[in-house]
Amino acid sequence: MAETETRTAPIFLVGCQRSGTTMMRLVLDSHSRISCGPETRFLPDLRRIVGRDWERLARFGFPREDWLRRIRDFFGGVHADYATARGKTRWADKTPLYAMSLDFVTEVFPDAQIVHLIRDGRDVVVSHRKRFGYWSAVKCVVKWPRYIRAARAVGATLPADRYYELRYEQAVSEPEKAMRGLFEFLGEQWEDGILDYDSKQHDVAQKYTTEAERRRAAVGDTAAIYGSRVGSHRRELDPFLRLLVWVFSGPTLRALGYR
């Protein structure tokens, strides 16, 4: 990868919700050069400009590439200004939802590096139930494989220096090894203290830090990155959810090597 791309390419962090993307966002944001701010979520809405509204907007006479440039300047400008205000020189966006729109993301930002965080779908279902309720867990057995398939389908079309898969289980069990691999992919120097993200200031909702503190206290772990929730499905999935997972998520779990 060229040095200029390595140093300036935007980073998009995606993955099904409750897969550890908030933790990973804070790790990225702990790097002295990278700013990873609040979720944006609205980039797919701008797709209408060059999508279903294109026939009408094309009457302005501007080519589609010009509209894509305007979207890129607007969206990237928000992130760049935010990064500059924080003394950072490179920006990242953590929005799990963009896993479903990576084709558009990579069209708007042809040099973007995609980081896809993957977690055992059974644990993701458990986390959905604990965070959002039982009905959310039921829907998750379909949502999780859909997110995985969509992101991996686009990732398969990208060169190796633009798409990176990271397993949540490795990130929490071997954090330094996993994160060193991630930052090598991003072309960034490793920095001591990256893993101690909780000692740094981040623009993140208090609910996330409170939840992490509560879970660490419950297992007596003081580390910012903890693996106490790995395998939670073995003790927390009821028979009905287990059946749904087997029917709807089973093929994707097996394809990913989860047993």
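This is a predicted model: local features need pLDDT of at least 70, side-chain atom pairs count only at pLDDT 80 or more; totals for chains, interfaces and linings use all residues.
## Strand S1 and its partners

Leu-13 stands opposite Lys-94 in S3. Strand S1 covers residues 11–14, and strand S3 covers residues 90–94. The two strands run parallel and are joined by 3 bridges. Phe-12 also has a residue opposite it in S3, namely Asp-93.

S1 pairs with strand S4 too, which spans residues 113–118. Here 4 bridges make the link, and again the strands run parallel. Leu-13 faces a residue on this side as well: Val-115 in S4 stands opposite Leu-13.

What covers S1 above and below? Both of its faces are covered. Ile-11 and Leu-13 point to one side, while Phe-12 and Val-14 point to the other. All four of these residues are buried.

## The whole sheet

In what order do the strands lie? The 5 strands follow the order S2-S3-S1-S4-S5. They form an open sheet, and the pairing is parallel. Strand S2 (34–36) and strand S5 (163–167) stand at the edges. Each has a single partner strand, so one side of each has no neighbour in the sheet. From one strand to the next, the twist averages 20°.

Helix H5 lies across S1, S2 and S3. Relative to S3, H5 runs at about 115°.

## Salt bridges within helices

H5 spans residues 64–85 and holds both Arg-69 and Asp-73. The side chains of these two residues meet in a salt bridge, at 3.0 Å from N to O. They sit 4 residues apart, about one turn of the helix. Arg-69 is partly exposed, with a relative accessible area of 34%. Asp-73 is partly exposed as well, at 44%. The pair belongs to a network of salt bridges that links Asp-66, Arg-69, Arg-70 and Asp-73.

Arg-180 counts as partly exposed, with 38% relative accessibility. Glu-176 is partly exposed too, with a relative accessible area of 38%.

The cut-off for buried is under 20% relative accessible area. The side chains of Glu-236 and Arg-229 meet in a salt bridge, at 3.1 Å from N to O.

How many salt bridges are there in the model? The count comes to 19.

## A nonpolar patch on the surface

The surface also carries a nonpolar patch. Its members are Val-142, Leu-243, Trp-246, Val-247 and Phe-248. Together they have about 510 Å² of accessible area.

Which helix gives the most to the nonpolar patch? Helix H13 does, with 4 residues. This helix runs over residues 239–255. Val-247 lies in H13.

Terms used. Residues are numbered from 1 along each chain as its sequence is written. Side-chain values use heavy atoms; hydrogens and water are left out. Patches are made of residues with over 30% relative accessible area and no salt bridge: like charges are joined within 9 Å, nonpolar side chains (Val, Leu, Ile, Met, Phe, Trp, Tyr) within 5 Å. Accessible areas come from the Shrake-Rupley method with a 1.4 Å probe; for residues, only the protein chains shown count as cover. A salt bridge is a side-chain nitrogen of Lys or Arg within 4 Å of a carboxyl oxygen of Asp or Glu. Buried means under 20% relative accessible area, exposed over 50%, partly exposed in between (1.4 Å probe, protein chains only). Two strands pair if DSSP finds at least two bridges between them. Axes are lines fitted to C-alpha atoms, for helices over the stretch in contact, and angles run from 0 to 180 degrees between N-to-C directions. Contact means heavy atoms within 4.5 Å.
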